[in-house]
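Please keep the structure in view while reading.

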Amino acid sequence: MKRSHLYKFLFIIFVLAWAFYSIYPPESRDILEVFKERASAPKKDEAYTNLLNNVETLRKETPNANSYTLLSRAIRQGTNDVTRYFPEFNVKGEKDPNKAVLSQLQREAAGKIKLGLDLQGGTSFLVEMDTNKLTRATEKDSALANAVEVLRKRVDKLGVAEPVIQPAGSDRILIQLPGLSEADKESARRQIEKAAFLEFRMVHPNSDELLAQGIVEPGYEVLRQTIKQQDGSKAVASYLVNKKPERGLTGKNIKRAGVSRQQLSNEPEIDFELDSEGAKIFADITREYSPKGNKYYHLAIVLDGELSSAPRIMGEIPGGRGQITGNFDAKEAYELAYSLENPLEAPVRVIYENTVAPSLGADTIRSGWHSAVYGTIAVAAFMAIYYMVAGLVANVALLVNIIILLGVMCSLGTTLTLPGIAGIVLTVGMAVDANVLIFERIREEQAKGKTLRGALAAGYSRAFGTIFDSHVTTLISSIILIFMGTGSVKGFGVALTIGVAASLFTALVVTRLIFDFLLAKNMMKSMPMLHFIRATKLNFMKLAKPAFILSWLVIIIGIGYGIHRGKDAMSIDFVGGDSVTLAFDKRVSEDQLRAPISDLHVGDVMIQYQQDISSGKETLHVTSRSLDIDKKNGASPVDRIKDALTKAFPDAKFHEISRDQVGATVGKEIQKTAIIASLLSLFGILCYVAVRYEFSFAVGAVVAIIHDVLMTLGWYFLSGREMNAAMMAAVLTIIGFSINDTIVIFDRIREDLKLGVRGSFRDLINQALNQTLSRTIITAGTVFLATLSLYLFGGAGINDFAFAFLVGIITGTYSSIYIASALVLWWHKGERPKIGVGAAPANVDSAPPMKSAARA
């Protein structure tokens with residue numbers, strides 16, 4: 001082996017070894033198993049045995065909870081100290097040593113492939129902080145940083161394994177809680193949104209007299225408190241309360257908060273303790289406003305703008321201890337205590353919510369991997385059959401590509417989502433495209449009479465420019481997806497970007513090294529290939545005008561139908577709203593379902609049964625474009641609909657498996673981001689093609705891309721589907737991919753112009769189209785096979801994307817011929833552009849019929 005080949009071989013081995021190291025172990029283990037293996041507990045340790053028994057008891061009570069949550073709760077309930085079972089863990093100085101131990105065990109149990117919430121189940125919240133009351137920018141930054149830490153402490157109380165809590169912009173926070181049960185989700189949302197902004201304000205000394213006269217003095221407001229009487233009835237007491245906290249005493253001074261029971265009523269109340277600064281202020285206030293003769297003063301305890309209580313000050317209260325009473329149950333009391341211990345400086349509200357049940361996550365993983373395996377097998381089988389030995393070499397490179405892709409994703413800590421699996425499947429299709437271009441070039445060089453070694457060298461050399469250009473244009477769109485995509489769409493962009501970059505390496509380095517080795521060892525003396533599409537002499541440009549007109553007519557019909565559908569053509573991702581997916585045991589007709597829904601008066605509601613093509617399972621989708629919360633019970637329209645259907649049809653056993661809630665502002669932002677990302681991709685491709693080729697080529701390419709996007713949207717609307725965030729990924733992928741065939745054709749047109757091939761420009765374009773027809777169909781066909789696997793086996797979550805991309809593949813192949821090439825011809829009015837040397841220009845109308853045969 002030549003020294004240069006040896007270096008390449010060793011480098012490839014090093015890359016593969018690094019990738020395997022980054023991937024292993026791929027799957028996560030159950031933390032309870034790791035806990036039992038690592039714990040150095042005596043055999044007859046009663047506390048250890050009770051702890052494990054408590055875990056199993058909790059598992060029966062909450063079967064959907066994961067082992068981390070169960071362990072955390074069991075430890076907390078039994079006030080166990082598990083650090084003594086793990087002396088090798090250094091947890092000194094940790095605020096919560098038990099949690100530090102569990103976190104370490106969780107890291108050991110975790111596999112290298114991190115699954116997104118759509119694959120493992122869980123809930124994601126995007127919360128927005130109201131910073132209107134914070135004036136300075138430094139205050140806003142401090143409030144956001146504080147909110148991240150506060151929310152982290154609140155979430156820790158839920159016992160969630162590896163939650164993600166991070167800033168998302170200047171006033172938003174992303175919270176991802178894997179493996180969260182339905183009951184815990186509601187508790188988590190309440191704790192997240194509860195600002196727990198506590199204020200101690202003075203009641204006006206003449207409150208009763210002023211209120212009786214209807215007078216509200218400046219700087220004061222009327223607050224009311226509901227009081228439970230001894231006979232069980234309720235009464236409302238009104239107070240004139242100062243708008244500002246007395247001497248700045250607020251919840252930030254809370255040191256500790258807990259729940260106790262009132263001695264007489266046994267009602268829950270919140271006991272709190274102030275820090276040293278707060279205790280001093282509290283003592284000063286109660287001393288100053290102690291009773292003076294028959295004059296009494298009241299201190300209002302205001303929580304989140306509502307009056308909780310207004311106790312009479314009977315004298316100085318040293319020590320900074322007090323109670324908050326109110327009409328709340330034990331669960332609400334505990335949540336409030338947690339929130340008081342971790343107060344927010346500004347209120348937050350959930351503007352986006354996505355929930356996936358663990359059972360649905362497991363189904364999604366299964367369908368996602370099935371689509372990946374079937375797609376890979378289909379593409380690999382085609383390459384092995386059509387290109388024979390060369391196809392087997394391409395399959396080896398494809399396997400290396402997938403290993404490198406997974407290795408890079410694991411080393412970067414990238415979360416694998418369902419769209420990420422889609423990115424891997426598309427990478428499989430696109431990775432062999434480069435090999436197809438090389439093999440077809442080698443076929444041409446062999447047809448010229450070159451030796452196999454010479455044909456290989458020329459094939460790789462001449463295909464390099466086309467491969468590089470097509471990969472760069474795809475990377476432009478995939479990188480924009482990473483930076484501008486939302487949620488799991490980013491995962492698709494990451495997978496596609498890494499995969500496309502890796503395919504450059506495997507196609508140009510790995511396959512070339514294998515071929516050179518086979519030649520050096522005299523193990524390959526020829527490169528037989530099938531050749532179904534031989535030299536053609538089709539006059540494509542003859543049909544350019546009618547095809548061009550027909551295309552835009554179809555686009556007008558499709559887009560016009562989408563406009564006619566209005567908001568019905570948009571999912572809640574773009575217009576905001578609430579959507580829930582329900583599984584069931586017994587199907588109920590849609591007409592029967594509408595009866596209990598109509599009684600709720602919740603506005604326009606869409607109910608639809610959907611069947612998963614891959615599994616055959618049917619689910620019920622309920623969507624409401626309203627987010628109005630019921631003031632009585634705090635339920636959203638979809639919550640009320642779900643409850644109504646559950647009560648009306650108990651035999652159906654409806655239960656929630658996924659949930660999406662998108663605020664109107666988020667929906668508008670997704671629309672805006674999708675448009676900007678598309679325009680940036682088009683502009684980037686326009687600039688790149690203009691620099692690499694010629695301006696007319698760039699215009700033809702961009703118009704063809706616009707045609708492909710609009711055509712895809714038109715068929716998408718005509719199929720009755722709704723625009724969603726996944727469609728944004730499809731559009732950007734189409735923008736990056738559909739130009740690949742155009743690049744191949746333009747590269748051949750440019751080459752023929754430089755070689756001075758005789759004939760009119762129309763003849764030259766027709767010849768280039770015939771020369772590249774075989775590889776155009778094959779490259780589109782391999783990606784089509786991979787995408788078809790996504791459509792058939794990828795599950796409902798990726799079905800819309802797969803459908804759109806299937807349409808995009810077909811229209812992209814078509815537009816390369818009848819849109820891009822035709823526009824270049826018309827741009828130059830049939831005359832040859834000034835690229836290279838050649839025959840004298842000929843007018844398109846007077847050009848003789850094409851006579852030159854395409855290369856074999």
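## An aromatic cluster

One aromatic cluster is formed by Phe382, Tyr386, Tyr387, Phe439, Phe515 and Phe532. The model is predicted, so local features need pLDDT of at least 70 and side-chain atom pairs count only at pLDDT 80 or more, while totals for chains, interfaces and linings use all residues. Residues are numbered from 1 along each chain as its sequence is written, and side-chain values use heavy atoms, with hydrogens and water left out.

## Paired rings in helices

Rings of Phe, Tyr and Trp (its six-membered ring) pair if their centres lie within 6.5 Å, with planes under 30 degrees apart counted as stacked, over 60 as edge-to-face and the rest as tilted. By this rule the count comes to 27 aromatic pairs. Among them, phenylalanine 548 and tryptophan 552 form a tilted pair, 6.1 Å centre to centre with 55° between the planes, and both lie in helix α16 (residues 544-565), four residues apart, about one turn of the helix. Helices are DSSP runs (H or I, at least four residues), numbered from the N terminus.

Tyrosine 814 and tyrosine 818 form another tilted pair, at 5.4 Å centre to centre and 40° between the planes, and both lie in helix α26 (residues 796-827).

## A buried threonine

Threonine 511, in helix α15 (residues 489-520), is buried, with a relative accessible area of 0%, where buried means under 20% relative accessible area (1.4 Å probe, protein chains only). Leaving aside neighbours within four places in sequence, threonine 511 is in contact (heavy atoms within 4.5 Å) with Val393, Ala394, Ala397, Asn435, Tyr460 and Thr506.

Conventions
Helix = DSSP H or I, 4+ residues; strand = E, 2+ residues; numbered from the N terminus. Buried < 20%, exposed > 50% of the residue type's maximum accessible area, 1.4 Å probe, protein only.
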